[in-house]
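Please look over this model alongside the points below.

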Amino acid sequence: MTPAARVQAAIEILDLVIEAARANGAPADRLIADWFRSRRFAGSKDRRAVRELAYRAIRACGEVPETGRAAMLRIAAQEPEVAALFDGSSHAPDPVAPGEAAAEGGIAPAWLVDRLARSGVSQIEAASLLDRAPLDVRVNTLRAGRLALPEGGERTVAPHGWRYPPETRIEQAQAYLDGAIEVQDSGSQLACEAVGAKPGETVIDLCAGAGGKTLALAATMENRGTLIACDTDRPRLSRLAPRARRAGATGIEIALLDPGREALALERWQGAADAVLVDAPCSGTGTWRRNPEARWRLTPKQLARYVELQARLLDVAAGLVRPGGRLVFVTCSLLDEEGADQTRSFLARHPGWQAETPALPAGTPRGSGLRLSPHHDGTDGFFVARLTRLC
Ligand SMILES: C[S@@+](CC[C@H](N)C(=O)[O-])C[C@H]1O[C@@H](n2cnc3c(N)ncnc32)[C@H](O)[C@@H]1O
């Protein structure tokens, strides 16, 4: 593909991403993969270049752009070499018409920029949410005997964390194939550390998804004790068992929950858990580095629904914790609604509980918890709170 044809390809992909953002369709990564599946003529260099252009345009536009072309013109407005490729030649974008507008630049839609500012997120911190994410792995101590780490990594703040350049093909590394390393953001690893799960304990991972954090908990518990992984999403939860086998994590109990009836399915664990992790569904503002188009999809109404669900799940989790036990609340968001405000409301509803600041080697205190951010900590954005049941 010529450089101009790559720009035109990125414009076509951006049109699909914009349409999907408006209609709650497929994520950008899937749309890009599908687009290339039907265009076998594109080589690996073309794919990489087109993908890079499309993502740069997504990152550059705060509001949802009108069209893919307007989004790419935002890049052209800053880079004359891209502007020069709008030349109307074969497979190239049409020349820029007089007065044709580029999409508006910015960090996120105005309402979200406002919510971030109200949550004490500085401009520089907000901008860093759109940086390119590194590739972090966690050394799996259950398989440490087989460990031969791939070259080129450096330690992260997380106790078992290593960081590699984003383009590293980690899935081909022997350590990955052996289950000796797991791909996991350092912030995510630290959130698991905050649980302080010990061998022999009873620990419930209430929103386990495909088990990213469950596997980290199994490692700190050294496969001893009771670890229950729950979720309402059957396909996600079904990915946990094969991952656990690869990681050498044994004895994990899996519980598929019915939304709204979670406590019923977990009746036998009422007041019995040493620790419950609530890695709650959230807006994901802290993961825009990986899914920058997510900020075009979120609406105030969806955010309000997440906040309501988080409060409900915190109440379900509270019922599972034994006196003296702990509840760790995590969201990958920098919004106070999904962090400091949420724990403040929890403590007001549950007088027999108190918050203690998680003892982590990173983060900034926010309300009764800690905030991790790409700018301050080099991790995805997270809020982590540790709540203890007194009686
Ligand atoms: C942030 S994700 C969890 C990610 C996972 N802990 C990990 O580390 O990979 C939130 C999860 O909450 C689940 N969820 C949504 N509603 C739920 C509910 N009512 N009860 C339990 N889990 C729920 C979602 O299906 C999703 O997998």
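The numbered points that follow refer to a predicted model.

1. Ligand shell. The ligand is surrounded by 18 residues, and the closest are Cys207, Gly209, Gly212, Asp233 and Asp279. Two elements, α10 (212–220) and β6 (226–231), each give two or more residues to this shell.

2. By class, the residues around the ligand are nine nonpolar, six charged and three polar.

3. Helix α10. This contributor to the ligand shell is mostly covered, with eight of its nine residues buried. The buried residues of α10 are Gly212, Lys213, Thr214, Leu215, Ala216, Leu217, Ala218 and Ala219. Among them, Gly212 is also listed with the residues closest to the ligand.

4. After α10. The helix is followed by Glu222, which has a positive phi, near 50 degrees. The backbone at Glu222 can be inspected with that value in mind.

5. Packing of α3 and α4. How do the axes of helix α3 (residues 44–60) and helix α4 (residues 68–78) cross? They come within 9 Å and cross at roughly 90 degrees. An angle from 65 to 115 degrees counts as roughly perpendicular, and α3 and α4 are therefore roughly perpendicular to each other.

6. Residues at that crossing. On the α3 side, Arg56, Ala57 and Ala60 make the contact, and they meet Ala71, Met72, Arg74 and Ile75 of α4. The contact of α3 with α4 comprises five nonpolar and two charged residues, with no polar ones.

Terms used: Residues numbered from 1 in each chain as written. Predicted model: local features only at pLDDT ≥ 70, side-chain atom pairs only at ≥ 80, totals over all residues. Near = placed C-beta within 6 Å. Helix = DSSP H or I, 4+ residues; strand = E, 2+ residues; numbered from the N terminus. Nonpolar A, V, L, I, M, F, W, Y, C, P; charged D, E, K, R; others polar. Axes fitted to C-alpha atoms, helices over the stretch in contact; angles between N-to-C directions. Parallel < 35°, antiparallel > 145°, perpendicular 65-115°, else oblique. Contact = placed C-beta atoms within 7 Å. Buried ≥ 20, exposed ≤ 12 C-beta atoms within 10 Å, placed from the backbone.
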